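Visitor: I am new to this structure. Please show me how to read a few of its features.

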Amino acid sequence: MKNLFEKLTIAQKLALVAFVLGFIALLIGNPNNSNKITINAKELSLSTIKDHDKINVMTLADWIIKEKGDYTLVDLRSEKEFNEYNIPTSINIPIESLLNSDLMRNQKIIVYGIDDVTSAQAWFILKSANYKAVYILNGGLNAWKNEILFPKLDVNATEEQKAEFEKVKQISLHFGGSPQIISGGTATVVNQEIKAPTTPKISAPVSTGKPAAKKKKEGC
Amino acid sequence: MMPYYKFDYFGFDFSLVIAFVIGIGFGFALERGGFGNARILAAQFYFTNMRVLKVMFSAIVTAMIGLFYFAWIGWLDLSLIYIGDTYLVPQIVGGFILGVGFTIGGYCPGTSFVSASTGRKDGIVFILGILFGIFVFGEIFPLIEDFYYSTNLGRATLPDALGLPYGMVVFLVVLMAIGAFALAGWGEKVMSKKNWSRC
């Protein structure tokens, strides 16, 4: 047997090694099972307490306007809901297909659903699957609607509040929203050009084109 | 855990240094393998010298087995390995054009640089041809942009496409490689007897 092995040329020996390794690989099957997840419970609970994992809608709006490209905004709702309306620059990955997506583990990922519940679930799934930087859009799409698309100002607001509202108004108009002033229960749309009813059916703003650019360019 | 770049062991600038070192090694290996010689490369297309096939398949099998076992041991996160998107039809057309150029010129882009760096004139001319081709491509790109981005399959891999476990694909590719080596060895003898080649 030993004699037989020595008779082989180097190429044949290497081929034999490759064959053996290939055969063992056949028995191993999949090298890493992406459905099996490991959790560092303490680390997880710590990061929730610190509140570092949340991003406010105002901050996000600011990033979108400034065209910051270092994050990926993920819409967790169904494709139908996504097509009806989505936050500009977002990509649609329904929560059930999150682990099979193209998201990279070193990407900065911001998730949002209708409210915080789905995002919290998604956050947990991604965190436990070893995604490094996952953030929740605080309040989800509801907060986006209330604070960015249809911000409201009370008629009896103080000067300070009014000044603050002016800033919000500009952001809101940028995203095609309609800021409103509330007096005695009825809301008036501030900007007359947009003839939207009190809580108008939101229409998708013109997509800004490509989803958030990938951080690192690669290829050969 | 690998890949080091994705886990931020070093930044973009240093990654260029590493790419440079790997590039030197790659070029050296190609040159020592005889890939700086257009006659050897072109002979592949006349089946008189199967060195290209052997070297390429050896590289594929080595890398594949290495990646598989590294991932299995836990040194490497396979999901972080960059895989370019597959644009099926444009890439088939592109591959055909590259093949034609390869057969005519005797080099692929990488080996032409290897050849030029050892001072071969045909390699230098080939590089000029590459630059001209890049220029033409850039100029006509607006016309072919739609085609260029058509039939996008995304991150396509064999295990996904065939629905097989990774290990099974590894084994099949190894079998395929060993079969190809045996066939190449036999084919070289037959073909060189027939003396089809003009090289």
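Visitor: How many aromatic pairs does the structure hold over all chains?

Guide: This is a predicted model, where local features need pLDDT of at least 70, side-chain atom pairs count only at pLDDT 80 or more, and totals for chains, interfaces and linings use all residues. Residues are numbered from 1 along each chain as its sequence is written, chains are lettered from A and ligands numbered from 1 in the order in which they are written, and side-chain values use heavy atoms, leaving out hydrogens and water. Over all chains there are 16 aromatic pairs. One of them joins Phe141(B) and Tyr148(B), with ring centres 5.1 Å apart and planes at 80°, so this pair is edge-to-face.

Visitor: What describes a pair of aromatic rings?

Guide: The distance of the centres and the angle of the planes describe it. Rings of Phe, Tyr and Trp (its six-membered ring) pair if their centres lie within 6.5 Å; planes under 30 degrees apart are stacked, over 60 edge-to-face, the rest tilted. Tyr148(B) is also in an edge-to-face pair with Tyr149(B), at 5.0 Å centre to centre and 90° between the planes. Ring pairs link Tyr87(B), Phe137(B), Phe141(B), Tyr148(B) and Tyr149(B) into a cluster.

Visitor: Is Phe141(B) buried or exposed?

Guide: Buried means under 20% relative accessible area, exposed over 50%, and partly exposed in between (1.4 Å probe, protein chains only). Phe141(B) has 18% relative accessibility, so Phe141(B) counts as buried. Tyr148(B), at 35%, is partly exposed, and Tyr149(B), at 42%, is partly exposed.

Visitor: Which way do the side chains of strand β2 of chain A point?

Guide: In a regular strand the side chains alternate between the two faces of the sheet. Strands (E, at least two residues) and helices (H or I, at least four) are DSSP runs, numbered from the N terminus. In β2(A), residues 72–75, Thr72(A) and Val74(A) point one way, Leu73(A) and Asp75(A) the other way, and all are buried.

Visitor: Which strands pair with β2(A)?

Guide: Two strands pair if DSSP finds at least two bridges between them. β2(A) pairs in the parallel sense with strand β4 (residues 108–112) of chain A over four bridges, and with strand β3 (residues 90–92) of chain A, also in the parallel sense, over three bridges. Val74(A) stands opposite Val111(A) in β4(A), while the bridge partner of Val74(A) in β3(A) is Ile91(A).
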